[in-house]
Amino acid sequence: STANHLTDQQVVNMIWPQVKSLYPNINVNSTDFTYMPQMRNGLLYVDVLENHNAPAFKNRDVDPNSSPRVASFRVNANGQLEEMNATTGDWAVVGN
C-alpha cells in the first residue's frame, strides 16, 4: 500500500495543512507538534499531539506535562488522507 512507502516528512506534509487550520489565531509550525505514526491492518494511522515545550505553546499557560491529542489521521488504501471525527469516530477524506 502507499502508506508503507511514505517518508515521515511526506506524512507530515500531508497532515500539516489540516493541523494548521485548527489554529487560526496562533502562529504554529509543524515542529510545534508530535506525530505518532502506527501501522494497523496495512493502513498508516497518525495521532498528532501538541508539544507544550514548543515555542508556540510555551507562553500560552498550557500544562508543560501534558500533550493533548489534536487530531487523528490515517492514509487509506487509495493513498488518501482521512481525518477522524473525534465525536463520532467516523473517518472522512480530507486530502490526497
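Analyst: pLDDT is the predictor's confidence in each residue, on a scale from 0 to 100. The present model is predicted: local features need pLDDT of at least 70, side-chain atom pairs count only at pLDDT 80 or more, and totals for chains, interfaces and linings use all residues.

User: What is the mean pLDDT of the protein chain?

Analyst: The mean is 90, and 96% of the residues reach 70 or more. Helices (H or I, at least four residues) and strands (E, at least two) are DSSP runs, numbered from the N terminus. In these terms, confidence is highest in strand E4, with a mean of 96, and lowest in helix H2, with a mean of 87. Where pLDDT is low, the predicted coordinates should not be read in detail.

User: Why does Leu81 count as buried?

Analyst: A residue is buried under 20% relative accessible area, exposed over 50%, and partly exposed in between (1.4 Å probe, protein chains only). Leu81 has 2% relative accessibility, which is under 20%, and therefore it counts as buried.

User: How many bridges join E4 to strand E5?

Analyst: Four bridges join E4 to E5 (residues 91-95), and these strands also run antiparallel. Glu83 stands opposite Ala92 in E5. The hairpin of E4 and E5 has six residues between the strands, and Gly89 takes a positive phi near 80° there.

User: Why is E3 described as largely enclosed by the rest of the structure?

Analyst: Five of the seven residues of E3 are buried, and so the strand is largely enclosed. E3 is also joined to E2 by six bridges, with the two strands antiparallel.

User: What makes the meeting of the side chains of Arg69 and Asp47 a salt bridge?

Analyst: A salt bridge is a side-chain nitrogen of Lys or Arg within 4 Å of a carboxyl oxygen of Asp or Glu. The N to O distance for Arg69 and Asp47 is 3.9 Å, which is within 4 Å, so the pair qualifies. This pair links distant parts of the chain, with Arg69 in strand E3 and Asp47 in strand E2, 22 residues apart. Arg69 is exposed because its relative accessible area is 51%, whereas Asp47, at 29%, is partly exposed.

User: How many salt bridges does this rule give?

Analyst: The count comes to two. Arg74 and Glu82 form a salt bridge whose closest N and O atoms are 2.4 Å apart, and both of these residues are buried.

User: How do you know that Glu83 has no salt bridge?

Analyst: Lys and Arg count as positive and Asp and Glu as negative, while His and the chain ends are not counted. For Glu83, the nearest side chain of opposite charge is Arg69, 9.7 Å away. The cut-off is 4 Å, so the buried Glu83 has no salt bridge. Its contacts beyond four places in sequence include Gln18, Phe73, Asp90 and Trp91.

User: What is the largest nonpolar core?

Analyst: A nonpolar core is a set of buried Ala, Val, Leu, Ile, Met, Phe, Trp, Tyr and Cys residues joined through side-chain atoms within 4.5 Å. The largest has 20 residues, and those with the most contacts inside it include Ile15, Val19 and Phe33. The largest share, six residues, comes from H1.

Notes: Residues numbered from 1 in each chain as written. Heavy atoms only, no water. Contact = heavy atoms within 4.5 Å. Pairing = 2+ DSSP bridges.
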